[in-house]
Every structure is written in C-alpha cells, then in structure tokens.
Amino acid sequence: MIEVTLLGTGSPIPDPQRAGPSTLARAGDQMFLIDCGRGVLQRLAGAGAGANQLSALLLTHLHSDHIVDLGDVIITRWVSSFTPDAPPLPIIGPPGTAQVVEAMLGAFGHDIGYRIAHHADLTGPPRVEVHEYTDAVVWDHGGVQVRVAPTDHRPVTPTIAFRIEHAGASVVVAGDTVPCPSLDALTAGAGALVHTVIRKDLIELLPQQRIRDICDYHSSVQEAAATATRAGVGILILTHYVPGIAAGTEDDWRELAAAVFDRQIELGDDLHRVEVHPGVCARSRS
Ligand SMILES: [Zn+2]
Ligand SMILES: [Zn+2]
C-alpha cells in the first residue's frame with residue numbers, strides 16, 4: 001500500500017486555508033516529499049512526520065510555488081537530526097536543481113555558520129545529495145522504485161513527473177503539466193494519479209491577462225481526468241487548485257472530473273489522505 005497525503009493543495013496565491021503545493025507519499029517505511037511549497041513543514045507536522053524522517057525530496061520543477069520552502073526543509077532536517085552521521089537528504093529533480101540547492105545553502109550561509117559555532121555536535125553544513133534526471137529509474141531501495149518521465153509545462157523546462165511503486169501499488173505525481181504522451185506512458189496502469197488542476201472556465205473570466213496566461217501550461221480538471229482515463233488508473237487525486245475551491249463548490253469540481261473519468265475521484269483540503277492499494281481497489285480517508 002502507498003499512502004498519499006495532500007500536504008498543500010494551494011497555488012502561488014496565498015490562501016489562509018491551503019498551504020503551497022506539496023504531497024507526501026508513504027511506501028513501507030519510506031517517506032517521499034514531492035515538492036515543498038509554502039508551509040510544507042507545518043503540514044508535514046500535521047501528518048505526523050518531520051523533515052528528519054524523509055527518505056528523499058522529489059521536485060517536479062523549479063517554479064517558486066513548488067520549491068519556496070526548500071530552505072526550511074534542508075535547514076530543519078539538519079537541526080532536528082540528532083544522530084551522528086545522519087544520512088544526506090537525497091534531492092531528486094530536473095536539471096537546474098543542483099544550482100537551486102546550492103544557492104539556497106548560500107542564502108542560509110550565515111545561519112549555518114551560527115549553528116556550527118554554537119553547537120559542538122554540529123560539525124558541518126547540512127548534507128544533501130542532488131540528482132538531476134528527466135527520464136530514468138531514480139530510486140530502487142528497500143522494495144520501493146521511483147521512475148521519472150518528462151512532462152510539458154513549457155516555457156518552464158525541463159519538468160518531470162514521478163511514479164512510485166511499492167509492493168504492487170503505484171502512484172504517479174504529475175506536477176504542473178498539460179496532457180502529453182510521456183505522462184500518459186508513465187501513468188499507464190497506475191493505481192493512482194495525483195494531478196495539479198486549474199479551472200480554465202473560471203480563470204478565463206478574470207480581467208488580468210497575467211492570470212489568464214496560466215491556462216496555456218496547466219491541465220484543466222477535465223484534461224487531468226482525461227489523462228487518468230487514457231492511463232486506466234484506479235484513482236484520480238486532484239490538487240493545486242486554481243482558483244482555490246470556494247466553500248460549497250467541491251462537488252462542481254468533482255462533477256467536471258466525473259464527466260470524463262468514471263472511477264474514484266479524490267479532492268479536498270490540506271491533509272486529505274488516500275490509501276492506494278495494489279490493483280485498482282482503494283479506500284480513502286479524510
Ligand atoms: Zn509550475
Ligand atoms: Zn504550480
């Protein structure tokens with residue numbers, strides 16, 4: 001079984017109820033954080049976990065809303081790991097990730113220096129291990145396999161989706177993308193697809209062209225549902241709602257997806273949790 005928790009279901013626009021984009025996948029005794037948007041560690045605490053327990057951080061792309069709390073993840077893991085020789089944090093992302101991580105460590109250079117000077121048992125800076133991929137098997141440890149494939153979020157490039165497999169269960173986390181053949185191929189036959197979505201019917205009504213611009217590089221609810229249908233997944237899990245789901249309109253979003261995808265549809269608030277079992281059978285809990 002793989003347990004998916006929507007840690008943050010928001011977008012770049014601050015929302016009092018929704019943290020920025022991030023998803024937690026627990027597979028056996030391993031824990032993967034996918035993206036690290038605003039407030040991620042508060043929500044991770046809400047899910048009963050901490051940065052020092054992460055097996056790896058997976059980044060779908062380098063848009064600010066998906067990486068803005070990267071520094072918090074790295075520094076907090078460092079200061080809250082009390083075992084000597086704590087393993088480095090594997091960070092797996094698209095090309096460009098190493099440069100971002102290095103710059104983030106540079107931005108926290110003063111902080112890192114203060115803490116090393118103050119605590120005798122902190123003898124070196126945070127340890128990270130960055131891997132950049134666009135199309136490969138990127139993880140194969142302890143019965144968990146992770147594969148990445150390119151997505152299409154142009155002009156943001158490169159961008160990737162992740163497929164996590166454990167004991168017959170499988171989950172794809174698509175990130176921000178329009179429908180594309182490489183995502184279809186990665187998702188084929190998966191137990192669940194976690195997909196970011198925007199309501200183009202609502203966004204297109206807004207007066208600001210800069211906001212309307214986002215329609216051309218995101219999937220609508222219907223497009224995400226069509227990807228799920230083509231891939232034959234068991235569960236479609238929607239997240240990264242743009243605009244934020246207004247109170248009482250959750251069923252509207254669900255109906256838009258249900259018109260295109262006739263299996264289990266999950267959406268909800270931060271910390272919504274879905275169990276993905278082998279095959280297409282599944283149970284969900286909020
Ligand atoms: Zn993006
Ligand atoms: Zn985004």
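## The largest nonpolar core

In this predicted model, the largest nonpolar core has 75 residues. Val171, Ala192 and Leu236 are the members that touch the most others in that set. If you are looking for the element that gives the most to this core, turn to strand β12, residues 235–242, which supplies six residues.

Setting aside neighbours within four places in sequence, Leu236 is in contact with Leu193, His195, Ala224, Ala225, Ala228, Ala257, Phe261 and Ile265.

## Strand β8 and its two partners

Now let's move to strand β8, which covers residues 144–150. This strand is mostly covered, with six of its seven residues buried. One partner of β8 is strand β7, residues 136–141, and the two pair in the antiparallel sense over five bridges. Within this pairing, Val137 has Arg147 of β8 as its bridge partner. The hairpin formed by β7 and β8 has two residues between the strands, and Gly142 takes a positive phi near 50° there.

Strand β9, residues 160–166, also pairs with β8 in the antiparallel sense, here over seven bridges. To find your place in this pairing, look for Ala149, which stands opposite Ala161 in β9.

## The annotated domain

What does UniProt list for residues 19–218? An unreviewed entry there gives this span as "domain: Metallo-beta-lactamase". In the model, residues 19–218 are 28% helix and 28% strand.

Definitions and conventions:
Residues are numbered from 1 along each chain as its sequence is written. Chains are lettered from A and ligands numbered from 1 in the order in which they are written. This is a predicted model: local features need pLDDT of at least 70, side-chain atom pairs count only at pLDDT 80 or more; totals for chains, interfaces and linings use all residues. UniProt positions are given in the numbering used here, feature names are shortened, and annotations may be inferred rather than shown by experiment. Helices (H or I, at least four residues) and strands (E, at least two) are DSSP runs, numbered from the N terminus. A nonpolar core is a set of buried Ala, Val, Leu, Ile, Met, Phe, Trp, Tyr and Cys residues joined through C-beta atoms within 7 Å. A residue is buried if 20 or more other C-beta atoms lie within 10 Å of its own, exposed if 12 or fewer, and partly exposed in between; C-beta atoms are placed from the backbone. Two residues are in contact if their C-beta atoms, placed from the backbone, lie within 7 Å. Two strands pair if DSSP finds at least two bridges between them.
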